[in-house]
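Visitor: I would like to go through this model with its numbering and cut-offs stated plainly. Could we begin with the strands and then turn to the helices and loops?

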Amino acid sequence: MADSGTLGATGRWTGGPTTDRRAVLKQVCILAAASVGLPSSVGVRIALAAASGLRPSVIWLHFQECTGCTETLLRTSHPTLSKLILDLISLDYHETLLVGAGRQAHDALRETMEQRVGKYVCVVEGSIPTADNGVHCKIGGRPAVEILREVADRAGAIIAIGSCAAFGGLAAADPNPTRAKGVSDVLPDKTIVNIPGCPPNPYNFLGTVLQYVALGGLPELDEKGRPKFAYGRTIHEHCPRRPHFDAGRFVRKFGDEGHREGWCLYAVGCKGPQTHANCPTQQFGEVGAWPVGVGHPCVGCTEEKLLWRTAIHETIPVESPTSPAFYPPVEPTRQGVSPVATGVAGLVAGGLLGATIMGARKLSRKHMEEEEGGEKGGTAGREKGT
Ligand code: SF4
């Protein structure tokens with residue numbers, strides 16, 4: 001006989017014995033919320049929704065893609081995919097994970113669309129070819145573009161997972177023979193949540209879906225449809241190599257001394273200064289690894305204008321060169337660094353080259369104070385510049 005306990009707002013089960021399954025569910029939800037930076041109260045709300053049987057139905061469509069986005073989801077551990085599927089969502093159609101095939105799979109899709117009108121989440125993986133009436137990608141004899149329009153039309157929410165679904169990705173790179181597009185270009189009148197990345201971080205996807213489960217709505221999005229909780233800041237802002245950037249210590253060649261010492265990868269093409277993503281804090285693959293962490297420049301895979309559009313070795317302008325106050329103190333070397341390499345050419349000079357604007361300002365003021373101090377007998381030099 002099942003117990004009749006309920007999950008309170010504080011996350012404690014009351015009125016009945018706590019079962020292992022419920023305790024695990026609560027833990028999973030709180031962990032899932034925490035993993036994407038959401039407060040534990042949201043985790044509790046997710047657990048409440050899941051415990052009351054509110055599991056959103058998900059239809060997952062595959063178009064022009066490599067299945068890397070699904071592969072990355074398969075590697076989540078908090079929650080694991082089995083927990084996600086069994087406890088938190090109802091994955092009703094997914095061409096890679098579905099046990100059935102052919103007619104069975106087609107029926108599962110059709111049934112979900114008919115029975116859950118306006119309630120299911122449509123997840124799209126891959127770009128959509130639009131040339132020649134969409135003949136370049138067909139499933140069950142129907143063009144992808146036709147399937148997308150039909151499934152999206154009855155969906156409660158639409159999520160484009162990965163850079164191909166979000167912005168067209170590799171298939172849309174020049175010369176784009178299939179005229180591949182992202183979901184928002186095919187459905188310009190709909191609200192699309194974009195979770196770009198190649199592959200995207202699975203926790204950004206889970207965080208979005210779980211918020212939808214718990215709060216009944218979508219997270220706040222930026223101007224490119226990306227959830228702000230995950231894409232609100234650039235990689236450069238949280239990069240562990242940032243003190244080296246600020247100090248003007250750059251890798252010049254793969255395998256050189258700077259590379260071995262873990263210096264900044266900007267001069268070998270890192271796109272971190274213009275790339276909005278939480279890779280430095282979330283990382284990948286459950287082992288604490290991510291491209292910049294293992295010595296490869298960021299390729300800007302979450303940005304429409306960078307991935308497959310800007311060469312990996314090409315340097316880019318620095319979007320926000322101001323360093324946050326909580327970084328370690330900057331001790332620039334006196335050797336000087338190319339202004340092009342720092343991306344703030346013209347703002348720093350001579351011995352201050354390589355520092356960011358903030359670092360340069362601090363040093364400039366200190367320098368002026370020292371000079372003033374010299375002229376005024378050292379009185380001004382005691383005031384601290386910031
Ligand atoms: Fe990190 Fe790249 Fe910024 Fe250097 S340029 S600090 S490697 S994000």
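**Strands, helices and loops**

Visitor: Which residue in E11 is the bridge partner of Ile 161?
Guide: Strand E9, residues 157-161, is joined to E11 by four bridges, and the two run parallel; strands (E, at least two residues) and helices (H or I, at least four) are DSSP runs numbered from the N terminus, and two strands pair if DSSP finds at least two bridges between them. Within E11, the bridge partner of Ile 161 is Ile 195.

Visitor: What kind of model is this?
Guide: Residues are numbered from 1 along each chain as its sequence is written, and side-chain values use heavy atoms, with hydrogens and water left out. Local features need pLDDT of at least 70, side-chain atom pairs count only at pLDDT 80 or more, and totals for chains, interfaces and linings use all residues, this being a predicted model.

Visitor: Which strands stand at the edges of the open sheet?
Guide: The sheet has five strands in the order E4-E3-E5-E9-E11, with parallel pairing. Each edge strand has a single partner strand, so one side of each is left without a neighbour in the sheet; these strands are E4 (90-94) and E11.

Visitor: Are the residues on the two faces of strand E11 buried or exposed?
Guide: Strand E11 spans residues 192-195, with Ile 192 and Asn 194 on one side and Val 193 and Ile 195 on the other. The cut-offs are under 20% relative accessible area for buried, over 50% for exposed and partly exposed in between, using a 1.4 Å probe and protein chains only. Both faces are covered, and those four residues are all buried.

Visitor: Which residues is His 94 in contact with, leaving aside its neighbours within four places in sequence?
Guide: His 94 lies in strand E4, and with a relative accessible area of 1% it is buried. Taking contact as heavy atoms within 4.5 Å, and leaving aside those neighbours, His 94 meets Trp 60, His 62 and Thr 70.

Visitor: At what angle do the axes of helix H2 and helix H9 cross?
Guide: Axes are lines fitted to C-alpha atoms, for helices over the stretch in contact, and angles run from 0 to 180 degrees between N-to-C directions. The axes of H2 (residues 40-51) and H9 (residues 202-215) come within 8 Å and cross at roughly 70°.

Visitor: Which residues in H9 are met by Val 42, Arg 45, Ile 46 and Ala 49 in H2?
Guide: By class, the contact of H2 with H9 has seven nonpolar, no polar and one charged residues; Ala, Val, Leu, Ile, Met, Phe, Trp, Tyr, Cys and Pro count as nonpolar, Asp, Glu, Lys and Arg as charged, and the others, Gly among them, as polar. Those H2 residues meet Leu 210, Val 213, Ala 214 and Leu 215.

Visitor: What is omega for the cis peptide bond that joins Asp 174 and Pro 175?
Guide: Pro 175 has its place in the loop between helix H7 (162-167) and strand E10 (180-181). For the cis bond joining Asp 174 and Pro 175, omega is about 5°.

Visitor: What is the relative accessibility of Asn 133?
Guide: Asn 133 lies in the loop between E6 and E7, and its phi is near 60°, a positive value in a residue other than glycine. Asn 133 counts as exposed, its relative accessibility being 68%.
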